[in-house]
Amino acid sequence: MELKLSRQPFFINEIILDTEAEQAVECDALLPDYCPDILRILKCTVQPAVTSRRVSGLRVELEGTACITVHYVSPAGSIARSEYKVPFSRSLDLKAEPQNPVVGVRCRVSYVNCRAVNQRRLDIRGAVALQVQVLACREEQAVTGAEGMGLQLRRDRMTATRLLGQGSRETTLDETLELAYGKAPIQSILLSRGRAAVSECRVSAGKAVVKGELEIHLLYETTAGGWDQMECTLPVAAIVEVEGMDDTSRCDAAQEVLSLSMEPVQDNDGEYRCIRLEAVVLTTVRAHGEYEAVTCSDCYSTRNQCSFRPRTVSTQRLCTVVKDPFSIRESMPLPENVESIIDLWCEVAGCEARPEADGVTAAGRLTICMFARMKDGEIYCFDKQLETERKTSVEGSSLSFQPRMCCTACGYTFTANDAIEVRCDLLLEGCVYAQQKATLVDDIAVDEKKPKEDTACSGLYLYLPDEGETLWDIAKRYNTSVDRILDENGDQQPESGGVLLIPVL
């Protein structure tokens, strides 16, 4: 009977690139005409966002914008701000041309220095670290079955992951917000922060319907000469397509604020009690499909000599999609002579992951920032660095995790002895992968001209298995098949310790 081999696809997910590149951010800036002069710089922050990521041949090309915000004290003794946007682009080399690439990018600020050249001019120098990971999925055909020539295959089954791909969609929001009743009109906006978070991701008809919320925090100076805050939440929805995605796919959905602009506008009475909000939110969905992979790791023919070409491959298996909210509390002494806190917020300065024996631990670096008014009337900015860790229990070897950590809310309460207790609500997200190895057989050849020699004579043999010996080992030794041994012995296995009946034809 002619030998017939059957093959099935095996999907190999691999990390093509995992690196960190430093991108310079420099700006020689003049204050806009509507901004007051600079008396003293309070704080300079950089918010980087990657707006485009694509793979072209052996290169991954990134484009983005760094939004620089400078807060300073004006000659009138109040807080003022000025914003600048610095575009950047970066190209990185790949070691191989990927199939179906997925690009993950995290940004963190390495450093930023800002000095006032004069009352109207700023010199800003900084750098942003781009942590880039490129995953790809390639399909290979492996032998999984055979008929004829007395060929026996050792089949292995495993639950594997196919990286389907990644899709994204930008959502533009243009809203007019109103201050709550009784609030004093706006003199100027001092600080605005936005954070987008996914609340629901549902796959239907091959599309991911993602719903989330854009949370806005606003600090502004009132026409009465004081400061006030405003918080609001806006819904954000997007439909993202990924080829091959279905209702059983496991998805990692994330939302990121690419740009945020807030300006005061007049209401019907001519007072600045409304805010014009313009924002762009990027929704990204990474989709995975689980399947049962059948592989062949060994073979032999009961009639003739045969040869085969095995090889060991490694693939990334999705262990879990992390979406873990948690909170931390930290007691902080107030700086000396602080009269009042104008605003307090938390920034995630970076997050790294390290594998543990039974999971992965994400280590986050936080910065607690505070605008405070001193007893002499001066305004200062104070920063405090914190570190936090969060463990995710996962089974697997050679774990890989590119975590995303953000602060969803931050508040404080006054305690005794001129101290405050700060509470930060944090969210840890991302995909945890484990390395999975499999043996694939590319081809099998049976030589019809070379019958097997030194095989056992036909009959029924009694055999006492050695410790750790499998039915496959025994069948191969006696040149029979596993199915024949099972027919003679029922459910009895070698590990049961009993004598087995081995049929040889």
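1. A nonpolar core is taken here as a set of buried Ala, Val, Leu, Ile, Met, Phe, Trp, Tyr and Cys residues joined through side-chain atoms within 4.5 Å. In this predicted model, the largest such core holds 33 residues, and the members that touch the most others are Val60, Ile68, Ile124, Val132 and Val134. Two or more residues come from each of the strands β1 (4-30), β2 (40-56), β3 (59-73), β4 (79-93), β5 (102-118) and β6 (121-147), with β6 making the greatest contribution, at seven residues.

2. Isoleucine 124 deserves a separate look. Once its neighbours within four places in sequence are set aside, isoleucine 124 is in contact with Val25, Glu26, Cys27, Cys44, Ile68, Val70, Tyr84, Val112, Asn113 and Cys114.

3. How many disulfides does the model contain? The count comes to zero, because a pair of cysteine sulfur atoms would have to lie within 2.5 Å to qualify. For cysteine 27, the closest cysteine sulfur belongs to cysteine 44 and is 8.9 Å away, which is too far for a bond; for cysteine 274, the closest one belongs to cysteine 232, at 12 Å, again too far for a bond. Cysteine 27 is buried, at a relative accessible area of 12%, and cysteine 274 also counts as buried, with 8% relative accessibility.

4. Histidine 217, in strand β9 (residues 207-222), is buried, its relative accessible area being 9%. Its side chain makes a polar contact of 3.0 Å with the side chain of glutamate 231, and another, of 3.1 Å, with the side chain of aspartate 343. Leaving out residues up to four places away in sequence, histidine 217 touches Leu191, Ser192, Arg193, Gln229, Met230, Glu231 and Asp343. As for methionine 230, it is 13 residues from histidine 217 in sequence, while the C-alpha to C-alpha separation of the two is 5.9 Å.

5. The side chain of serine 301 reaches the backbone nitrogen of arginine 303 at 3.2 Å. Not counting residues up to four places away in sequence, serine 301 touches Met149, Gly150, Leu151, Cys306, Val446, Lys452 and Asn479.

Notes:
Residues numbered from 1 in each chain as written. Predicted model: local features only at pLDDT ≥ 70, side-chain atom pairs only at ≥ 80, totals over all residues. Heavy atoms only, no water. Buried < 20%, exposed > 50% of the residue type's maximum accessible area, 1.4 Å probe, protein only. Helix = DSSP H or I, 4+ residues; strand = E, 2+ residues; numbered from the N terminus. Contact = heavy atoms within 4.5 Å. Polar contact = N/O pair within 3.5 Å; in protein donor to acceptor, adjacent residues only side chain to side chain.
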